[in-house]
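This briefing covers a helix, aromatic ring pairs and nonpolar cores. Please keep the sequence and the 3D view at hand while reading.

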Amino acid sequence: MDKQTSILILGAGTFGLSTAYHFAKAGYSNVTILEKSPTFPSDLSAGNDLNKIIRAEYEDPFYAELALEAMAAWKSPLFAPYYHETGYLLCNSAAAPEKSKKSLLKSLDSIRRRPIFKNMIMPVTSRDDIRKVVPAFNGPMQWEGYFNSFAGYASAADAMKAVYSACIALGVTIHLDSAVQALTYSSGSICTGALTTAGKQYGASVTVLALGSSLGSILPQLKSQVIAKASPVAHIQLNAQEAAQLRGIPVTYVRDLGFFFEPDQHTNLLKICPAMAGYTNYGTPSGLSLPPEDNAFIPARDETMIRRLLWETLPALAERPLVGRKLCWCADTADSEYVIDFVPGTKGLVVVTGDSAHAFKMLPTVGGWVKDVVEKGRQNNERWRWKEGSDAASVDISWRVGKTTDLHQVKDMRRDLEVTTAKL
C-alpha cells in the first residue's frame with residue numbers, strides 16, 4: 001500500500017489513537033483523526049481514566065499471549081513512564097458464586113505454566129496470606145486466590161496523552177470537536193470518508209471506524225453483534241498521609257466484589273469499581289444500546305458494593321464520601337473477541353471494535369493489528385472477523401459476575417453533590 005494513501009480514523013480513543021500511531025510510525029504520511037469531543041481525552045472514552053489493569057490472566061490462552069506482548073511494549077520508551085508493576089491480587093470472597101471461582105481458576109491456568117511467571121505467583125488462602133502481600137489491608141478478608149507480581153496498571157489518561165503527542169510529532173492531523181454525521185460513499189458501496197455535523201467533508205481512501213461504544217450510531221448494520229455496555233466507577237479523595245500509606249499496593253480484584261488501585265500519584269484519588277455484569281441503554285431512537293449524554297452517576301446498588309469491598313479491605317474508608325462517580329462505556333461482543341475487519345458489502349471501510357472491557361492494555365499494540373488488516377485487504381484471523389448474526393445481548397459472559405441490566409430498569413442513582421447541585 002502506498003505510504004501516501006489517505007487514511008481517515010474516526011475516534012481518538014484507545015483503538016483510534018493506537019491505529020494512527022502505528023500507521024504514522026510505519027511511514028504513512030496522510031493520516032487524519034476526527035474526534036467528537038472538543039477536549040482530549042474525550043469524556044466518553046473508556047481510556048480517559050486514572051488507571052487500567054495490565055495483566056496477562058485470561059480464560060483464553062490466545063489473549064494471554066497477546067497481553068504478554070503488550071506488556072513488553074508497555075516497557076518501551078513511549079509507554080514505560082505510565083506502566084506501574086505493582087502486582088495483581090486476584091481473589092474470590094467466601095460468598096462468591098461458582099461461576100466466579102471457575103473463571104479465576106481458568107485465568108490462573110493461562111499463566112502459571114508459562115516460564116515467565118516462575119516464582120511470580122503466590123497462592124492466597126487466608127487473611128494472613130493477604131496481609132503478607134498488603135500489610136495496609138486490615139479488614140476481615142475471607143478470600144482465596146493468588147498474588148501475581150508480574151502485573152500492574154497503566155496511568156490510562158496520561159498514556160493516552162503521550163500517544164496523542166507522539167501522533168502529532170509523527171505528522172498525524174487530529175481534529176477535535178468534529179462529530180461525524182454520516183459516512184460518505186460513491187458507487188453505492190465505496191466508502192469515501194465522512195461528513196461532520198458542521199457540514200465539513202473529509203475524504204479518504206481508507207476509513208477506520210474506532211468509535212467505541214458509540215459505533216452503532218454511525219454504523220447501524222452493526223446490529224447487536226456489538227453492544228454498548230457500561231461499568232460504574234467511583235473514587236475516594238485521600239489526603240497525602242492516607243495516600244502514602246497505600247502507595248505501592250497491588251491492583252486488588254475480588255472477583256465478586258470489585259477492584260481498586262493504589263492512589264493516583266497526582267491527585268491522591270483512590271479509584272474503585274464494583275463487580276457487576278454491566279448496564280445497557282436501549283432507550284435510543286435506533287433501538288441499539290448506546291451511551292447517553294449524561295454519565296455522571298452510578299446506581300445505588302453499586303455504591304453499596306463499593307462500600308462492602310472497602311469494609312473487607314480498608315474499613316476506615318468504608319463510609320467516606322464517593323466522588324467522581326461515572327459510567328465507563330465499552331463495546332461488548334458475544335464472545336469477548338475483538339472485531340477488526342472490513343465492513344461487509346463495502347470497500348475502503350474498516351472497523352475496530354469489541355473492546356469488551358479488556359482492551360486498554362493493548363494500547364501499544366492494537367493499532368498494528370489494524371494496520372495489518374488494511375495493508376492485506378482482509379482479516380485472516382477468523383476470531384476477529386465481522387460477526388454477522390451474533391447477539392452480544394443474549395449471552396452470559398463467563399468472566400462477568402451478575403446479570404446485565406438496562407439503565408431504564410434502575411431507579412435509584414447516586415451523583416456527586418456538585419453535579420446534583422448544578423442540575424437544580
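Predicted model: local features only at pLDDT ≥ 70, side-chain atom pairs only at ≥ 80, totals over all residues.

Residues are numbered from 1 along each chain as its sequence is written, and side-chain values use heavy atoms, with hydrogens and water left out.

**Helix H5**

- Helix H5 comprises 14 residues, 156–169; helices (H or I, at least four residues) and strands (E, at least two) are DSSP runs numbered from the N terminus.
- From first to last C-alpha H5 reaches 20 Å, close to the 20 Å expected at 1.5 Å a residue, the expected span being 1.5 Å times one less than the number of residues.
- Among the buried residues of H5 are Met160, Val163, Tyr164 and Cys167; buried means under 20% relative accessible area, exposed over 50% and partly exposed in between, with a 1.4 Å probe and protein chains only.
- The buried residues of H5 pack against helix H1 (14–25) and strands E3 (52–54), E8 (152–154) and E9 (173–175).

**Aromatic rings**

- The structure holds 18 aromatic pairs; rings of Phe, Tyr and Trp (its six-membered ring) pair if their centres lie within 6.5 Å, with planes under 30 degrees apart counted as stacked, over 60 as edge-to-face and the rest as tilted.
- The pair of phenylalanine 62 and tyrosine 63 is edge-to-face, because the ring centres are 5.1 Å apart and the planes lie at 85°.
- Phenylalanine 62 counts as partly exposed at 25% relative accessibility, whereas tyrosine 63 is buried at 3%.
- Tyrosine 253 and phenylalanine 259 form a tilted pair, 4.8 Å centre to centre with 50° between the planes.
- Ring pairs link Phe15, Tyr58, Phe62, Tyr63, Tyr338, Trp369 and Trp384 into a cluster.
- The charged end of arginine 55 sits over the ring of tyrosine 58, 4.4 Å from its centre; the criterion is NZ of Lys or CZ of Arg within 6 Å of the ring centre and within 35 degrees of the ring normal.

**Nonpolar cores**

- The largest nonpolar core has 72 residues, and those with the most contacts inside it are Trp74, Tyr338, Ile340 and Met362; such a core is a set of buried Ala, Val, Leu, Ile, Met, Phe, Trp, Tyr and Cys residues joined through side-chain atoms within 4.5 Å.

Conventions
Contact = heavy atoms within 4.5 Å.
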